[in-house]
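Me: I am new to this structure. Please show it to me, and then I will ask what stands behind the terms.

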Amino acid sequence: MAGVVSLFILNRNGSLIYSLETQGSSQLSSNDKIRLSSTFHGISAIAAQISPVKRSGGPFSFLQTTGIRTLDADTFRLQCFHTATGVKIFCVMLPPYVDADILLRQVYSHYSDYVLKNPFYELDMPIRCEPFEKEVQRSLSEFQGR
């Protein structure tokens, strides 16, 4: 059983626009969530600059994502999906670890379908969209049940 504890979405500037914590996990304060997400954004940007793996050239090289994709530790895993527009969707998992790329891509799909197509949503603002939250909860429940 995959143990996703938290899910975060950062805008292209590194600001936290959505967070979700699963039931039974220790609840982080708002300040802790902001601190965690902004720290990850900064570390990911630095890692992209000092990475020994260089982007391949070509006319579409700007579409290749850079930064930290997975950070493994003894007690947790942080896995991130970088979008072409700079949005970062990442989750924190407890052991046993399972690749969460499918979950993160589903959340991005929900973000595209429910948030970006919402005429009342302003870009880079916190996400307050009930259909989006329901779909993310459903995707997370399905992922946890695998």
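Reply: Start with proline 96. This is a predicted model. Proline 96 is found in the loop between strand S5 (88-94) and helix H2 (101-115).

Me: What makes the bond between proline 95 and proline 96 a cis peptide bond?

Reply: Its omega. The angle is about -5°, and the bond joining proline 95 and proline 96 is cis. Most peptide bonds are trans.

Me: Which residue has a positive phi although it is not a glycine?

Reply: Aspartate 124, with a phi of about 70°. Most residues other than glycine have a negative phi. Aspartate 124 lies in the loop between H2 and helix H3 (130-144).

Me: Why is aspartate 124 called partly exposed?

Reply: Its relative accessible area is 22%. Buried means under 20%, and exposed means over 50%. The value of 22% falls in between, so aspartate 124 is partly exposed.

Me: How does the reach of helix H1 compare with the span expected at 1.5 Å a residue?

Reply: H1 covers residues 30-50, which is 21 residues. From its first C-alpha to its last, H1 reaches 31 Å, close to the expected 30 Å. The expected span is 1.5 Å times one less than the number of residues.

Me: Which residues of H1 are buried, and how do you know whether they line one face?

Reply: They are Lys33, Ser37, Phe40, His41 and Ser44. Seen down the axis of H1, these buried residues fall within an arc of 100°, so they line one face of the helix. An α-helix has 3.6 residues a turn, so residues three or four places apart point the same way.

Me: What does the face turned away from the buried side of H1 carry, and what covers the buried residues?

Reply: The face turned away carries the exposed residues Asn31, Ile46, Gln49 and Ile50. The cover over the buried residues includes strand S1 (3-10), strand S2 (16-21), strand S4 (77-82) and S5.

Me: In what order do the five strands form the open sheet, and what makes a strand an edge strand?

Reply: The order is S2-S1-S5-S4-S3, with antiparallel pairing. S2 and strand S3 (70-72) each pair on one side only, and these are the edge strands. On average, neighbouring strands are turned by 15° against each other, direction ignored.

Me: How do you know that S4 and S5 pair?

Reply: Two strands pair if there are at least two bridges between them. S4 and S5 have six, in the antiparallel sense, so they pair. Arginine 77 has methionine 93, in S5, as its bridge partner.

Terms used:
Residues are numbered from 1 along each chain as its sequence is written. This is a predicted model: local features need pLDDT of at least 70, side-chain atom pairs count only at pLDDT 80 or more; totals for chains, interfaces and linings use all residues. Side-chain values use heavy atoms; hydrogens and water are left out. Helices (H or I, at least four residues) and strands (E, at least two) are DSSP runs, numbered from the N terminus. Buried means under 20% relative accessible area, exposed over 50%, partly exposed in between (1.4 Å probe, protein chains only). The arc is that of the directions from the helix axis to the C-beta atoms. Contact means heavy atoms within 4.5 Å. Axes are lines fitted to C-alpha atoms, for helices over the stretch in contact, and angles run from 0 to 180 degrees between N-to-C directions.
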